[in-house]
Structures are given as C-alpha cells and as structure tokens.
Amino acid sequence: MLEKLGDVIKKATDKIANAIFLDKDLVDSIVRDLQRALIEADVNVALVKELSDKIKKSAMDERIKGVDKKEHIIKILHDELLGILGEHKQLKLESKHNVILLLGLYGSGKTTTISKLGNYYAKRGFKVALVGLDVHRPAAAEQLKQLAEKHKLNYFIDMDEKNPIKILKKYSKQLKDYNLVLIDTAGRHTLDDELIKEIKEITKEAKPTETILVLPADIGQAAKQQASQFKDAVNISGVIITRMDSTAKAGGALTACAETHAPVYFIGTGEKINDIEEFNPKSFLSRLLGMGDLETLIEKIKSVTEENSQKKMQKNLEEGKLTLDDVIEQVKSMSQLGGFEKIKSMVPGLSNINAKIPEGMLESQEAKVARWEHIVKSMTQEEKENPEILEKQTSRIARIAKGAGVPTSDVRSLLKQYKMLNDMIKSGVGNMDMSQGMSQKQMMKFAKKFGKKMRF
Ligand SMILES: Nc1nc2c(ncn2[C@@H]2O[C@H](COP(=O)(O)OP(=O)(O)O)[C@@H](O)[C@H]2O)c(=O)[nH]1
Ligand SMILES: [Mg+2]
C-alpha cells in the first residue's frame, strides 16, 4: 500500500538529513522526486504544487541555518503531508444503540466492509446485527449471509422481499436489542435519481446515527467527485476507503476525501476479515515514512486475541518485556494479522530490515505452536515468567522436554524465539521516542543484530 511513495519520501528525508550543503540544486532534485511519486500515487497536482512550494520556500529561508534547517524542512514535509491526509475523526458510537448505514456504488466493497466492521466491533464488545438491504441483486443477501455465518455474526435478510423498507419494518423490533446495527445497501453504476430516492427512504426509516460512503481506493482522486456527489445528495458523515492494498492510487483517494472534508474512518487493506483498520493520518504517515506505529499494531493484536490476554500483552509490549505466553499468542495471531510482512511494517524499525519470511512458512507454524503450548505447560511458574533462567540449564531443559513429550531442540527453539522477540521489542520499541522514529545509527545497529536472525 503506497510502498513506492513511502520509499521516495524516506529517501528524500535521508537526502536532507545527510546533506552537507543544502543548496538549491539538491532541494530542487528532492522536490522533483517527491512530486513525481505523489503524482504517481494520484495526488492532485495542485496539492502537490502547494506542498513543493512550501518545502522550497522553507529550504531557502535564510533565517534558519544548519541542522535546524534540515529539521525544519523535514518537519515541513511531514506537516504538509499530514495536512493533505486530513483530520483524524473516529466513528461516533454510543453505548446503547447505533445504526450505521453503508452506501456506495457497485463493487465498492460495502458487503465485505460490513462484515469486517461487524467483526471488528463484536470483538470490542458490541452486540452486532448485520442487515441486508441490497434487494436488487439476488446474490447480495446470500453473500452477506455467508460472511455473517462464517464469522458468527447475527444477520437479518429476506431473500424474497424486494422492498428494503419492508425488510427494515419487519425486523425493527428485533433490531432494537442490538447496540450496533450495520446496514448493507444496494449500489448502482452511478449515483442516479433512483439510488438517491432509495437511500433517502431507507434513511427515513432506519434513522442512521452514521451514514458512511464506501469508496474503493483504485478510483484515486476521482473519489473527490464521488464523495461530493454523495455528500450533496444524501448527508454522509464519513468515508471508508477499501482496497488500499491493491492500488498505487490510494494517495489520490485519501487526499481527495480530505479535500471534500469527508473524514476517513477506516481503510480496508485486504480481502480477509481482519483487513481493516481505523484511519489515523498520523500513524498512517509514520508507517509510510517507515517509522512504524505501535498504536496500530496494538489495535490489530487486540482484534485477533482474546480480551483478557490483550491487556496483558499490551502492557508487556509497552514495558518491553514479553512472557512465553505472549510469544505463543503472537505467533498464533500472525497468520490472522496477515503475516510477518504486515507486522513488520507496523513495528518501529522493523520495516527497514531485509528479513523475509518465506511464503507459507507461517502456515506450518500451527503444529509447532501446539508443541510449544505443551512445553510451556511443563514449566514451573518461575520458568514461565523468567525463561532467561533456563539458558544453559541442560537438565532443566531435558526435564521440560520430557514432560512435554518433545525433543529438547523444540524447547531450545521456543527459548530462542522468545529471546529474539523480547530483544526485538526491547530495542525496537522500548527505548524509542515514537514521534521521532529510529535514528539512522539505531536502525543500523538494530538491523545488524536482528536482520539475520529473523527466522522461525
Ligand atoms: N483487495 C481488497 N479487496 C477488497 C477489499 N474490500 C473489498 N474487496 C473486494 O472487492 C469486491 C467487491 O466487494 P463487495 O463487498 O461485494 O462490494 P459491494 O458491491 O459494494 O457490496 C470483492 O471481491 C471483495 O473481496 C479490500 O480492502 N481489499
Ligand atoms: Mg454488496
């Protein structure tokens, strides 16, 4: 997702940071690279020009000199990029009853997003109901049903009813028992009068607390026109951008929404149920710049791990100390999170390490994790909490292996995994100022230490 743009911005900041003389030629060449990459990401030319002018102006500002100047330019670049990404606004949810209506054209990702949102909020304790009002395509209700059943979400559909208002009326009483009602609607090829009429009728009946437009990222800056059209016709409160993973034009879609002042609540980053995240321009930018983002990682971990182990792991992550249970939980969650590659881009510093996990490797982890769970069960409480004490303790390791019915090499491999993740968390997250990212020096040290070891 926007990797190329991220690379160019990273390179630009490196060039600024490493320059001995920050002369006009250098600034011009950096700005040219940035312009090209931003336009490739489909960001509006006028926005790009504004951003470049500001960078050039601050670079040539004679009042700021030396290191201050470098910092100043990087800060301007950061702030300008943040500016074009828009404000951070979250979906407003009351504890009692919320009705969220999802709108959008054909194939924008409404139904997929409904199930992702349902799953996301069910994991956060909401009692969720999905309602299918796409009455025009016969397969639509079936798709919603399948997704809901797969992810154990309650759903309300009526395959024989062609009037969405009647469906709403039919279930209105039952839906009162849910504190989050997510409504899937029909799309069209364009926003025509018929669609507007239908949406207005549904709105009148359902009284949504939030009306969200679903936009696919691949339409790029055309998102601006679509967002404003929908905004004019039916009062939308925010946007969800889907398919961020499958296009280089996502920059256009994001900045277009900011231009129309339509807050982006969530972004869809893949086809799987957990491929959705709250859009926070600041963390998005940090990731784009390769600074990593602990907040988002923790958010993701939250949605795929059990409620009570979450808090503990979050605390442990923040304190830079993992337990063996956390390690097992983490490896288990990885495949659900979208693999190590995805996690890597979220942990500060890790994104710069060239440690690739071979594809399919994570799938073969399940059996291993099961053995690890046996191993942990064979440990004493003290050993569980401080696995360090097992280092070089051959007899203890043999005892644990025997208890778990596994070879000692398995115990050692778990201990190694534990040590690696723990060290990684400690040096990658623990001592870092999140707003600054890692320094070049820290990064090199880190990469040297872990680059080769990053194997499971
Ligand atoms: N890669 C990717 N595909 C997505 C994402 N969201 C939706 N899709 C796909 O987009 C297609 C259309 O989605 P659907 O939910 O049926 O759209 P709808 O017509 O608006 O309900 C499906 O093939 C989805 O799997 C996403 O975030 N990433
Ligand atoms: Mg649909």
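Arginine 188 sits in the loop between S4 and H8, helices (H or I, at least four residues) and strands (E, at least two) being DSSP runs numbered from the N terminus. The model is predicted, so local features need pLDDT of at least 70 and side-chain atom pairs count only at pLDDT 80 or more, while totals for chains, interfaces and linings use all residues. Residues are numbered from 1 along each chain as its sequence is written, and side-chain values use heavy atoms, with hydrogens and water left out.

With a relative accessibility of 10%, arginine 188 counts as buried; the term means under 20% relative accessible area, with exposed meaning over 50% and partly exposed in between (1.4 Å probe, protein chains only). Beyond its neighbours within four places in sequence, arginine 188 is in contact with Gly104, Leu105, Tyr106, His136, Glu194, Leu195 and Glu198, where contact means heavy atoms within 4.5 Å. The C-alpha atoms of arginine 188 and glycine 107 are 9.0 Å apart in space, and the two residues are 81 apart in sequence.

Turning to helix H7 (164-175), its buried residues are Pro164, Ile165, Ile167, Leu168, Tyr171 and Leu175. These residues lie on the same side of H7, because they cover an arc of only 140 degrees around the axis, taken from the directions from the helix axis to the C-beta atoms. They pack against strand S2 (128-132), S3, S4 and helix H8 (193-206). On the other side of H7, Lys169 and Lys173 are exposed.

What does the largest nonpolar core contain? It has 74 residues, and those with the most contacts inside it are Ile183, Phe230, Ile241 and Leu254. A nonpolar core is here a set of buried Ala, Val, Leu, Ile, Met, Phe, Trp, Tyr and Cys residues joined through side-chain atoms within 4.5 Å. Helix H4 (residues 66-85) gives the most to this core, namely 7 residues. Domain 1 (3-85) and domain 2 (98-288) each supply at least three residues to this core, the bounds coming from an automatic or database domain assignment. Isoleucine 183, leaving aside neighbours within four places in sequence, is in contact with Val99, Ile100, Leu101, Leu102, Ile114, Val131, Leu133, Leu168 and Ala206. Another core, of 23 residues, lies apart from it and includes Leu91, Leu153, Ile212 and Ile276.

Aromatic pairs number 7, counted for rings of Phe, Tyr and Trp (its six-membered ring) with centres within 6.5 Å; planes under 30 degrees apart are stacked, over 60 edge-to-face and the rest tilted. Phenylalanine 156 and tyrosine 178 form an edge-to-face pair, because their ring centres are 5.6 Å apart and their planes stand at 80 degrees. Phenylalanine 156 belongs to strand S3 (residues 154-156) and tyrosine 178 to the loop between H7 and strand S4 (180-184), so that the pair links distant parts of the chain, 22 residues apart. Both phenylalanine 156 and tyrosine 178 are buried. Elsewhere, ring pairs join Tyr120, Tyr121, Phe126 and Phe266 into a cluster.

Two rings also carry a charge over them: the charged end of arginine 124 sits over tyrosine 120, 3.6 Å from the ring centre, and lysine 127 lies over the face of tyrosine 178 at 4.7 Å. The criterion is NZ of Lys or CZ of Arg within 6 Å of the ring centre and within 35 degrees of the ring normal.Lysine 152, in the loop between helix H6 (138-150) and S3, has a positive phi of about 55 degrees.

Terms used:
Chains are lettered from A and ligands numbered from 1 in the order in which they are written.
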